[in-house]
Amino acid sequence: MIRTLLLAAAAATLAPLATAQVTVIGGGLARDCYEAVKFNLGKTSEAEAICTRALEHEALNLSNKAATYTNRGVLRMRQANYDGALADYALAKRLRPETGATWLNEGAAYIFKKDYNSALASLEKAIELDSQDLYAAYYNRAIAREQSGDVEGAYYDFLKAKELNPDYAATDRQLSRFQVTTN
């Protein structure tokens, strides 16, 4: 019987991909918040303040409000405020639980917090919802799997991320750490 064994190279830096913004339809502060996330405009703390003003002062429909919470969460993650980001993702999910990008970013926040079981649950949901950045969901799930001891699952998720986005160089770097052998 031939068995495949996957070994990961030692000590890799595994940073999740966490930039999935959610589009806001229309103008105003919520749109400015979205563009700040998407195009990395201005100082992150100033962009977060724009998102907060949008949430506090604009009459947003449910979709735009949920998107703005998700976008502010991304900005909070960029500032290493993972608890604040997770709070925003929870609010966004209450409003629009079917938005895959929210689950994807939540998974990334949990990875940063080293809560890999929670990350896996969020990333499974992002994949189930066919997140717009599906390759990032697989990439992040690979990180969470590897950190949880599921090296084989991580390898196959990195392969899926590569299949979905062949141009994302970080996936190539991750895959280069693996050695596939047969016994």
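The model is predicted: local features need pLDDT of at least 70, side-chain atom pairs count only at pLDDT 80 or more, and totals for chains, interfaces and linings use all residues. Residues are numbered from 1 along each chain as its sequence is written, and side-chain values use heavy atoms, with hydrogens and water left out. The chain has nine helices and two strands, where helices (H or I, at least four residues) and strands (E, at least two) are DSSP runs numbered from the N terminus.

**Confidence**

- The average pLDDT of the chain is 89, and 87% of the residues score at least 70; pLDDT is the predictor's confidence in each residue, from 0 to 100.
- Over residues 1–13 pLDDT stays under 50, and the model has 30 contacts beyond four places in sequence for this stretch; contact means heavy atoms within 4.5 Å.
- Where pLDDT is low, the predicted coordinates should not be read in detail.

**Overall fold**

- Along the sequence, the elements follow the pattern β-α-α-α-α-α-α-α-α-α-β.
- The chain comprises 183 residues, of which 48% count as buried; buried means under 20% relative accessible area, exposed over 50%, and partly exposed in between (1.4 Å probe, protein chains only).
- Of the contacts between residues at least 6 apart in sequence, 61% join residues at least 24 apart.

- Two packed helices are described by the angle between their axes and the distance between the axes. Axes are lines fitted to C-alpha atoms, for helices over the stretch in contact, and angles run from 0 to 180 degrees between N-to-C directions.
- Angles under 35 degrees count as roughly parallel, over 145 as roughly antiparallel, 65 to 115 as roughly perpendicular and the rest as oblique. A crossing is left-handed if the near helix is turned anticlockwise from the far one by less than a right angle, and right-handed if clockwise.
- Helix 4 (residues 82–95) packs on helix 5 at an angle of about 155°, with the axes 10 Å apart. Helix 4 is therefore roughly antiparallel to helix 5, and helix 4 passes helix 5 in a left-handed crossing.
- In this contact, Tyr82, Leu86, Tyr89, Ala92 and Lys93 of helix 4 meet Thr102, Trp103, Asn105, Glu106, Ala109, Tyr110 and Phe112 of helix 5. The residues of the contact of helix 4 with helix 5 comprise eight nonpolar, two polar and two charged; Ala, Val, Leu, Ile, Met, Phe, Trp, Tyr, Cys and Pro count as nonpolar, Asp, Glu, Lys and Arg as charged, and the others, Gly among them, as polar.
- Between helix 5 (residues 100–112) and helix 6 (residues 116–128) the packing angle is about 165°, and the axes lie 8 Å apart. These two helices, helix 5 and helix 6, are therefore roughly antiparallel to each other, with a left-handed crossing.
- On the helix 5 side, Gly100, Trp103, Leu104, Glu106, Gly107, Tyr110 and Ile111 meet Tyr116, Ser118, Ala119, Ser122, Leu123, Lys125 and Ala126 in helix 6. The residues of the contact of helix 5 with helix 6 are eight nonpolar, four polar and two charged.
- Helix 7 (residues 134–147) and helix 5 pack at an angle of about 25°, with their axes 10 Å apart. Helix 5 and helix 7 are therefore roughly parallel to each other, and their crossing is left-handed.
- Leu104, Ala108 and Ile111 of helix 5 make this contact with Ala136, Ala137, Asn140, Ile143 and Ala144 of helix 7. The residues of the contact of helix 5 with helix 7 are seven nonpolar, one polar and no charged.

**Selected helix residues**

- Thr68 lies in helix 3 (residues 62–78) and counts as buried because its relative accessibility is 0%. Apart from neighbours within four places in sequence, Thr68 is in contact with Val24, Ala30, Cys33, Cys51, Ala54, Leu55 and Leu60.
- Asp172 lies in helix 9 (residues 169–175) and, at 35% relative accessibility, counts as partly exposed. Apart from neighbours within four places in sequence, Asp172 is in contact with Lys162 and Pro166.
- The C-alpha atoms of Asp172 and Lys162 are separated by 7.4 Å, the two residues being 10 residues apart along the chain.

**Loop residues with positive phi**

- Most residues other than glycine have a negative phi.
- Lys114, which is not a glycine, has a positive phi of about 65°. Lys114 is placed in the loop between helix 5 and helix 6 and is exposed, with a relative accessible area of 61%.
- Asp130, also a residue other than glycine, has a positive phi near 55°. Asp130 is placed in the loop between helix 6 and helix 7 and is exposed, with a relative accessible area of 54%.
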